[in-house]
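Thanks for coming, everyone. Please have the sequence and the model open while I talk.

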Amino acid sequence: MIVIDKIKKHFRNFKHFIFVITSLSLLLFLAVLIITPIILTMSNSFMASSEISSNYGKIFSNVTSGSKSYIAETINLKIIPDLIDFGQYITVLIKSPQYLLKFWNSVILVVPIMVFQIVLALAAAYCFARFTGRIREMIFFTYIVLMLMPYQVTLVPNYLVSNWIGILNTRWSIILPGIFAPFSVFILTKYMRRIPSSMSEAAKIDGANELQIFAKVYVPLCKSTIYSVAILVFIDYWNMVEQPLILLSDSEMHPLSVFLSKINSGDVGLAFAVATIYMVPTLLVFLYSEDYLIEGIAYAGGIKG
């Protein structure tokens, strides 16, 4: 019996070892698969145009010419350039201000949406979490339904309302619908409902009113979730394409996300440089708030004490 128990234990340990190795191998493969295009984009942005043409010329000639023929030549994917060239960045940052203008268009649209959506969502989520009633549940259910709808469904109503109130073809036609998006309200409400009511009751005993309970109890406890929601909202609207194309007829106000698709028809090296610059804000936001993002998403229990 002792020998059999040892064999079973060893077999279970071996199965666990195989499971761990398989899981790590799969995760490593997925990580390499995801990060490879980012590394290639950044490294190729420092290549000279002649080197890019010699490595990927057949691919981009097919793309720009609209040809659907199969690629016969072997493509040379290079991570390290033969000669580092900053010409693309000089063009983007100095010689052609249109790229920086599109970049700041993205900032002007995304930052107000992110900030005011969080502020409005905090107030709405506090009301949903603190006060009960059938009307509140109906409104919250409506928020959930709106959140489940793809943006393409609400794009036409947004267009009609923007035209009716006279903000069509202005930045407000993008900013206002973004501020009132239901995603942040839903996430923050679910988080606030996990905060024990004893905390607010203790604050009331100490003489705090509702505004003080909101500002000094609920908001500090939601810090990690606020960071998580802010990151997700920033990334979502930083990559928006449909909204500017439909609601902004003036291309001068289009963000860089819309303008990137037009660069590939010209200098490919320039497209790599602009794409690299475009990735920098999202990477910085993620790296700076990574701990908060993980904590906010992985949170599944009660409030830590």
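By the rule used here, there is one cavity of 30 Å³ or more. The rule works on a 1 Å grid over the protein atoms alone, where a cavity is a set of points that a 1.4 Å probe fits but cannot leave. Its lining residues have an atom within 4 Å of a point. Points are joined across faces, edges and corners, and a volume is the space filled by probe spheres set on them.

Before going on: this is a predicted model, in which local features need pLDDT of at least 70 and side-chain atom pairs count only at pLDDT 80 or more, while totals for chains, interfaces and linings use all residues. Residues are numbered from 1 along each chain as its sequence is written, and side-chain values use heavy atoms, with hydrogens and water left out.

The largest cavity holds about 40 Å³ of space. Tyr151, Ser173, Ile174, Pro177, Gly178, Tyr237, Met240, Gln243 and Leu247 line it. Two or more of these residues come from each of α7 and α12. Helix α7 gives the largest share, four residues. Helices here are DSSP runs of H or I, at least four residues long; strands are runs of E, at least two; numbering starts at the N terminus. By class, the cavity lining has six nonpolar, three polar and no charged residues. Nonpolar covers Ala, Val, Leu, Ile, Met, Phe, Trp, Tyr, Cys and Pro; charged covers Asp, Glu, Lys and Arg; the others, Gly among them, are polar.

Now the pocket. A pocket is an open set of points with protein on both sides within 12 Å along at least five of seven lines. The largest pocket has a volume of about 720 Å³. It is lined by 28 residues, and Tyr151, Thr154, Ala181, Pro182 and Tyr237 are the closest to its centre. Which helix gives the largest share of that lining? It is α6, with eight residues. The lining of the largest pocket divides into 19 nonpolar, seven polar and two charged residues.

Next, the whole protein. It has 15 helices and zero strands. Of its 305 residues, 35% count as buried. Buried means under 20% relative accessible area, exposed means over 50%, and partly exposed lies in between, with a 1.4 Å probe and protein chains only.

Take one residue. Threonine 189 sits in helix α8, residues 183-192. Is threonine 189 buried or exposed? It is buried, because its relative accessibility is 0%. Leaving out residues up to four places away in sequence, threonine 189 touches Ala125, Phe128, Ala129 and Phe140. Touching, or contact, means heavy atoms within 4.5 Å.

Last, helix packing. Two packed helices are described by the angle and the distance between their axes. Axes are lines fitted to C-alpha atoms over the stretch in contact, and angles run from 0 to 180 degrees between N-to-C directions.

Start with α3 (residues 87-95) and α14 (residues 268-288). Their axes come within 9 Å and cross at roughly 65°. The contact has seven nonpolar, four polar and no charged residues.

Then α4 (residues 97-130) and α11. Their axes come within 9 Å and cross at roughly 145°. Residues of α4 including Phe103, Val110 and Leu122 meet residues of α11, among them Ile226, Val233 and Trp238. Here the classes are 14 nonpolar, two polar and no charged.
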